[in-house]
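Morning, everyone. Please have the sequence and the model open while I talk. I'll go helix by helix.

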Amino acid sequence: VRLVLWEKALPFTDRIVDHKTREHLTEWYLKLNPNGVVPTLTHDDAVILDSSAIMEYLDEVFQQAPMSMPDPVRRAHLRKWLRYFEEVPTPAIRVPSFNQYLVKRYQNMSAADYDRMAESHPIRKHFYQRLAKTSFDERETRESLDRLQQTVDRVEKALAADGRPWLMGERFTIADCCLVPTIDRMADLGLGRMWDERPNVTAWYARVQARPCFAKTYYPMTRLSEIFAAQKAS
């Protein structure tokens, strides 16, 4: 969502919700977003939930620097990518993220406190129960990595089809923005090897990183490796 906001040069207030203190489960936040997840966009009196829905909303409401496609067929293909990213790599990347970093937050939590914490999540309760305070099991970890590799391979094939720079062709769109967080998190987790032999994905990621919106979105301390390195140092 921040990529879209910066790409379209929209003024906005970036309010960080602190997951360490479970601010996303507090009463004030659940009134905005009963799912207890981020992001949430407030625009005048409107409250928009879900990253893809927010990106589509921003592109429909603000016409500058269009990030969708002008005709219905190509918009449908763009939405096909959005649905695929939501269903396959977005949930998959959570597993290695928790295994490698986020599970450390629960190491000193009692089993009873952990169970209560898991129960408090409106839509992620079963996710935390499967995590079981230590890590996901080998089967689920392997399945998640397979899904991430499938994503990389599908993107490689799409980009290679006609030498297009972006998923939808010459235009940088919200489909690209939907993929960026997964690819950047994979790189942060040391999973960039998955596209070592995929030159089109490698070039796509380099083009993304060269865009001004990327540096503004990934400011210092937005990556897990930075956050946990700072916590370890302190």
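Let's start with one residue. Ala203 is partly exposed, with a relative accessible area of 30%. On the terms: buried means under 20% relative accessible area, exposed means over 50%, and partly exposed is in between, with a 1.4 Å probe and protein chains only.

A word on the source. This is a predicted model, where local features need pLDDT of at least 70, side-chain atom pairs count only at pLDDT 80 or more, and totals for chains, interfaces and linings use all residues. Residues are numbered from 1 along each chain as its sequence is written, and side-chain values use heavy atoms, with hydrogens and water left out.

Back to Ala203. Ala203 lies in helix H10. Helices here are DSSP runs of H or I, at least four residues, numbered from the N terminus. The C-alpha atoms of Ala203 and Trp166 are 9.9 Å apart, though 37 residues separate the two along the chain.

Now H10 itself, residues 199-210. Its 12 residues should span 16 Å at 1.5 Å a residue, and its end C-alpha atoms are 17 Å apart, which agrees. The expected span is 1.5 Å times one less than the number of residues.

Which residues of H10 are buried? Val201, Trp204, Tyr205 and Val208. Down the axis of H10, the buried residues fall within an arc of 95°, so they line one face of the helix. That arc is taken from the directions from the helix axis to the C-beta atoms. On the other side of H10, Pro199 and Ala210 are exposed. The buried residues of H10 pack against H8 (138-161), H9 (174-188) and H11 (212-217).

Next, H9. Thr182 sits in helix H9. Thr182 is buried, at 5% relative accessible area. Leaving aside neighbours within four places in sequence, Thr182 is in contact with Pro89, Thr90, Ile93 and Leu148. Contact means heavy atoms within 4.5 Å.

On to H5, residues 89-100. Its buried residues include Pro89 and Ile93. Among the elements covering the buried residues of H5 are H4 (72-87), H8 and H9.

Last, a helix pair. The axes of H4 and H8 come within 11 Å and cross at roughly 160°. Axes are lines fitted to C-alpha atoms, for helices over the stretch in contact, and angles run from 0 to 180 degrees between N-to-C directions. That makes H4 roughly antiparallel to H8, a term for angles over 145 degrees. On the H4 side, the contact includes Trp81 and Tyr84; on the H8 side, Arg147 and Gln150 are among the residues.

Key: Helices (H or I, at least four residues) and strands (E, at least two) are DSSP runs, numbered from the N terminus. Angles under 35 degrees count as roughly parallel, over 145 as roughly antiparallel, 65 to 115 as roughly perpendicular and the rest as oblique.
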